[in-house]
Each structure stands twice: as C-alpha cells, then as structure tokens.
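Please keep the sequence and the three-dimensional view at hand while reading.

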Amino acid sequence: MTSLIERVLRWASGIRTKVVLLSGLLLLLPFIGYNYVWELENVLRQGQEQTVMGSARAFSMALNQQPRLFERQRFTKPRLDDGKDLYAFDLNSHIDIDGSPLDWERYREHFKPYTSKHVIFSKNTYRPDNIKFDLVMGSDGDDVYALLDVTDTTPVLKRNGTSRIDRNDHLIVALTTPEGDFKRYAVTATQSGRAHVDLIEDSILSEDGVFPSNAINAWWQETSTGHVIELAIPNWLVGEKLGLAFYNVNDPFNREIETIIATSNPKNAETLGTLLTPSPALESVLNTINDDGSRVWVVDRHARVLAKSGDLQTANGVWETTVEYQEPPNGIMGWLQTHILNPLYYQWLERPPESIVDTMQNAAVFRGIEVQQALLGRPYANWRLTPDQGAMILSAAYPIKINNQVVGAVVVEENTKGIKTLRNKALEQLFNVLLAVICIGVVVLLLFGSHISRRVRKLRDDAESAIDPQGRVRHQLYPAQSKDEIGDLSRTLSNMVNRQSEYNSYLEKMSSSLSHELRTPVAVVRSSLENLSFVTTDDDQQRYIDRAQEGVSRLATILSSMTEATRLEQSFNHADTQAFPLDEVIKGCVQGYEYAYPEHVFTIDVSTQSNGYVMLGAPEYIAQLLDKLVANAAEFRAPETAITVQLNRVDSRACITVSNFGPTLPKNMGNQLLNSMVSVREEKQKSDKPHLGLGLYIARLVSEFHGGELSIQNLQTQNGVSVSVWLPLSPK
C-alpha cells in the first residue's frame, strides 16, 4: 500500500501531470468565449431594438402621409364609455349566422357582460339572474358580426300572425349610416331560426312605421338559459355609431316591457355609442409595406386595433436568415456535431422554442407601456416574456400624427428566436473551435511534457548508471547536443563524471604508484639495518636496530596490502571461469578455518537443495572472498561466541552469510565499509597489524566479478553483524 501511494505521489508530482494541470487553464477559454457571446447577444438585442424602432418610425412616417386613413380617428372622443363605445375586432375565421356560439369560442376573452350598469329601464327591481346578456363583436372587412348570449328566465317570443313587434322579447339595433343617417332595426322571432328584421321608420308602436328589411342577417336561437341572437350587419350600412338594446318581456299575457338592457340608449343618434371597426384600407397598406419580418399593429388613440399585418411566429427580423439556410456539416463531422456535440452543448444552452405562445394574436386592444407612451407622443420600446417564459418579444411603438395631433400609434413586434439561433450557432462554432484547440493543446502539452520527462529520466538513469554505489565511474556520460537547459545540464553532468573518473583513476593508481616508489627506499633501509646488525655488538644498539626492522617489515606489509586490490582487479582480466559446486568450496574453506583459527568456533549451515549450488566462476576467488569475510568476523567477534557461515538458495541465486556476535556497525556506515581503505575500529580493537579497510572492499570486488552483490548489516537482535553475498547460480 505504501509503495502504491509513493508511486501515485511520484506520478502526481511529475512534469507530465503538472503540464496537464497547467493545460487546465485552457478551460478558461470556453468560459471567456461564452461570456463574450452573451455580451454579443446583448449587443444584438440593442441592435434589434434600434432596428425595430426604426421600422416603427418608418411605418409611422408612411402612414402620416395618408391622413385619409385616419379621418374617423381624428374625431374620436378623448374618453370612451365602457360598454357604450363598441369595438368590432378583426376576425381571422369565418362566422356562420346559425345561432351557434361555437364559432365564437376562440374569442371568448372578448365577451363583454351587460348587467345592472347597463340597464336603462326596469319596471321592477332588477335581478341579474333574471335578465342579462354577453356581447361580442367582430368584423371581417365586409360585415360587422355580433353575438348576444342572453340570459332570460322567462323568454316570451312573438306570436304568429301579429303585426306588433314590441309585445315580446326583441332586440333594437340603432345605428348611423356612413352618410350620417340615423336608423333603427327591430329583431324578433316566433321560434328558433332565422329572425325577423324590421326597419323602424317612425315609431315601433305604429304599424305603418315598421317595414320588413333584409339589410341585416339575423338568427334567433332559444337555449336552456334564454336566447342567442347572432347578427351580420353589412359595412355599407353601419357608420360611426351603433347601439344594441334588448327589451325583455316576462308576462306572456299582458306582454309589457319589464327591462331594457342596452349598450347605449337607441332613442336617437346623439345617445348612441361609437363603433370602431378595423380598417381594411389601412391593413392593405400595412401588407404592402410589411415584408413579414415583423408583426405590425396600428391602434387608435384608445389603443384599439385598427389593422394588423404579419405573424409573430415568423417575426424574427433578419437575424435568423443568416443561419437558417446554412447547410449542415456532412460526414463524420456532421454526425459528431448532431449526435455528440449538440446534445452536450444544449445541456447548458437555451434552445429557441419551436413555436411561440402568443396570447395577443387576437387582441382587440393593445395594452402595454409602449403604446401608452406612444399615444402621449413619445416613441418607446419594451421587452416582454411570453406566458410560458420561452421567448422574449420586442415591441416598439411610434406615434402617428395628423396635423401635429396624435391619432394613433404603430407597434412593430419581433421575437428573439433569430438572435437566440444566431447566438447558439455562434456558441456551437466557438465551442467546436475551442474544443479542438483545447484537445490539440492538451495533447501537444502532454507530448511536450512527456518528451521533457523522458529526457530528464534518461539523464537521471544515465547519471545513476555512470557511477556505482561506491562512487567509481562505470562509464562515461555522453553529453546531449540540444541547446536547451536540459542539454546544458547533460553537458555539466558529463563534465562532472569525467572529472570524477579522472580523480578515481588518480586514487586507484596512487596506491600502486606509492607502493612502487616506496619499495626501493624500504629495501635500502632494510638492507642497511641488516648490515648494521652484523657489525654492531652493543646490545642497546641492537635493540634499536630490531625495532627499526620491525617497523620496516610492517611498512612492507602495508605496501603489499595496498597493491593487493589492484593486483586482484588486474587478475580478473585473465581469470579462467569454470562450473564448480559452491557448497563444496564453502565446506572446504570452513574446515580450513578451523585449523587456521583454533581458538575460534565455527558453525556451518548449508541447506540441502535438489538443484544443487553449481555456479560459473573462479573457485579460488570465492575462497579469497570467504577468507576476507571470516577474517573480518574473527577480528570483531565477541569472546566465547561462534562465527556462523550459512549457505542457502533463493530462486536462481545463492546467498552466503557470515555473521558474528560482537559490536554493531556505526549508524549510516554499513555500505561505506565496502569502499577502499575505510575502516571503523574502536581503540581496544586496534592491534599491531595494519588495518587499511581493504578486506570487505576485496570481497565486494570478487562478488561483483561473479555478477553478484554484497551487503553488510546489523543482526536483527542488534548484538552482532552479518555480511551477505548473493551470487548467481548456473541453470541446471
């Protein structure tokens, strides 16, 4: 587990890992690009706002040049009476005069209730549950349609065969013609079906003043709650004013009028409310100048819709056309973009809605701050969200002035689908480029980091292999030819290794040279002392001569020891190797040590192996190795303790262990004792024999010659030292 953690930590601290982490800074590019595109969208919105406002101004200027289109709006009352002044909105579907309210269901929001506020006569206390009606009006450019859904608990229809039209429930339609003439029509029915329409020339009570008329198409339908009256008034008949009054009769016997509920009093033209219908001429002008890139409204001074052109679903300006007709990518990139990248991108991107929820498609009155401001003479733009929060709608309103009088306003609307589509397309392309840049950047940085890491590891491995654990130079370090910092470091290390090699060579040759130079003066001194001992007879002089000869002999021994390792290394070049049983050599050597060290006790432990201990090498060198180890153990062993020699096999290697009880190794000095001329002895362990620290060094040279290794360590009981030699065995 510890080894695994160390490998992980080593990998985490490597150059490649750091380069990959640094390459994470490239992830800032998508964030910066994303924010940039969002800012670009704000700029596009501002541009769209300016464009839409410019379009509204252009429409307004075009309509200002045609004052005849607003002739009626110039004289519109400054304030409308709720329920009295009527508005017929623009119908976008056909209406059948059949008494069925199904054609009007889509216009349910335009139904206007008429109850107590609109009662102009009531014989008894008015009760809304007994009599009321809902009114809705629309225009298709040729006719003005109206539907009255009357709640009447006691319906009384006209009797068959009677000429009186006022002795039953009936509807009075009062209007002014385009020429300004005042007319009244009575709508009655004897049963469900097509209603009777009579023109009232004088008084409804006079039979001579009432004439049947085909001008108005009407249908009277009885329901479970009362009546449904459906009307179609041709445009050539109705002018600026219109009023509808329902006369309710409850008693089928006396047939007197009980209640009158009306939009306005139908008595004369002055008491009627105004009627506003969409202008076909104005809508024709809008359709001529509108390119369907926007939805355009024209409203009067009371925000009632006069004309409309275009559809909000497609009113995205010119923004979407730049990307709408681009061909999608083909091949692998097209598949990758469609099936991999886009689903990933749109986890964060807002996809434009397929369709826009437009609650104002059939609006009769444009309610909004932009229209309010425009009707005050101030151009204004406004952003609003659709009810489903799926899209933004931009509305720009501009006043329409005739003779410096505001008679209405132009409202131009566009959605933001085009901008969102353009934004998403820009983000897709930006992310594609950034993704490619990041991937290529990470790969390049990873390859670069791997290349740098490989060069550094190679330089480290070369430097480690160039010098062995004892500090000797195994081979030269070849300098790199690159001109960068790693190349400079390689050349520096190469120079250091060369200098180390030269210094080691100097040290290795120094003992041999010194021994060679000292042998002659030592021989001269020795011969002089010998000659002097022959001619002197004085005992005191002889004693000094003997001590001098002992010193010379000791100096000669030191010189021989100094050259022993050098001679051994030189002999390796001419040594003959052979296959021999290692266990037999070990046993023979231990038997010899028992005679050579009679005062020491030796124990030998050779484990039995079926494969044996056959190895390839020089048995005399192995014996010399064991001699050095045993001599070192004999010198340091504690009194009355044995020296143990063990031999066992581990896989394809043999392990020779020589251990003794006695003083332990100094801290951090184990492997240093294997170097040349390194010796650590306490004062009590020193003797007259010279100790140059070459024994373990020579043993190491022998083990390395045979392809093995040597190590020295304290016993686990910390009361002695053991030396282990690992030697490769020959395959059987």
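At 44% relative accessibility, E709 counts as partly exposed. The model in which this residue is seen is a predicted one. E709 takes part in a salt bridge with R653, and the closest N and O atoms of the two are 3.7 Å apart. R653 belongs to strand β26 (residues 653-661) and E709 to strand β27 (residues 709-714), so the pair ties together parts that are 56 residues apart in sequence. R653 is likewise partly exposed, at 32% relative accessibility.

**Salt bridges**

Side chains of opposite charge can pair when their charged atoms come close. How many salt bridges does the model contain? The count comes to twelve. Three of these pairs are set out below.

| Pair | Distance between closest N and O atoms |
|---|---|
| K458 and D462 | 3.1 Å |
| R653 and E709 | 3.7 Å |
| R700 and E704 | 2.9 Å |

An α-helix has 3.6 residues a turn, so residues three or four places apart point the same way.

Helix α3 (residues 28-64) has 37 residues. From its first C-alpha to its last, helix α3 reaches 54 Å, close to the 54 Å expected at 1.5 Å a residue. Its buried residues include V52, M53, A56, F59, S60 and L63. Among the elements that cover the buried residues of α3 are α4 (280-289), β17 (295-300), β20 (392-402), β21 (405-415) and α8.

In soluble globular proteins, nonpolar side chains tend to be buried together. The largest nonpolar core of this model has 53 residues. Which of its members touch the most other members? They are L63, F70, F89, W104, L282, V298 and V410. Residues up to four places away in sequence being left out, V410 touches A56, F59, S60 and L63, as well as V296, W297, V298, A396, A397, Y398 and I400. Another core, of 40 residues, lies apart from the largest one, and C589, M615, L629 and L696 are among its members.

**Strand β5 and its partners**

Strand β5 (residues 131-139) is mostly covered, as seven of its nine residues are buried. Strand β5 pairs with strand β2 (residues 89-90) in the parallel sense over two bridges. In that pairing, F89 stands opposite G138 of β5. Strand β3 (residues 112-114) runs antiparallel to β5, and three bridges join these two strands. Here Y114 stands opposite F133 of β5.

Strand β6 (residues 143-152) pairs with β5 over nine bridges in the antiparallel sense. F133 has V150 as its bridge partner in β6. Strands β5 and β6 form a hairpin with three residues between them. In the turn of this hairpin, G141 has a positive phi of about 100°.

Where does H706 lie? H706 is found in the loop between α13 and β27. H706 is buried, with a relative accessible area of 7%. Apart from neighbours within four places in sequence, H706 is in contact with M615, L616, G617, A618, Y621, I622, L727 and P728. A polar atom of the H706 side chain lies 3.1 Å from the backbone nitrogen of A618.

Terms used. Residues numbered from 1 in each chain as written. Predicted model: local features only at pLDDT ≥ 70, side-chain atom pairs only at ≥ 80, totals over all residues. Heavy atoms only, no water. Buried < 20%, exposed > 50% of the residue type's maximum accessible area, 1.4 Å probe, protein only. Helix = DSSP H or I, 4+ residues; strand = E, 2+ residues; numbered from the N terminus. Pairing = 2+ DSSP bridges. Salt bridge = Lys/Arg side-chain N within 4 Å of Asp/Glu carboxyl O. Core = buried A, V, L, I, M, F, W, Y, C linked by side-chain atoms within 4.5 Å. Contact = heavy atoms within 4.5 Å. Polar contact = N/O pair within 3.5 Å; in protein donor to acceptor, adjacent residues only side chain to side chain. Expected span 1.5 Å × (residues − 1).
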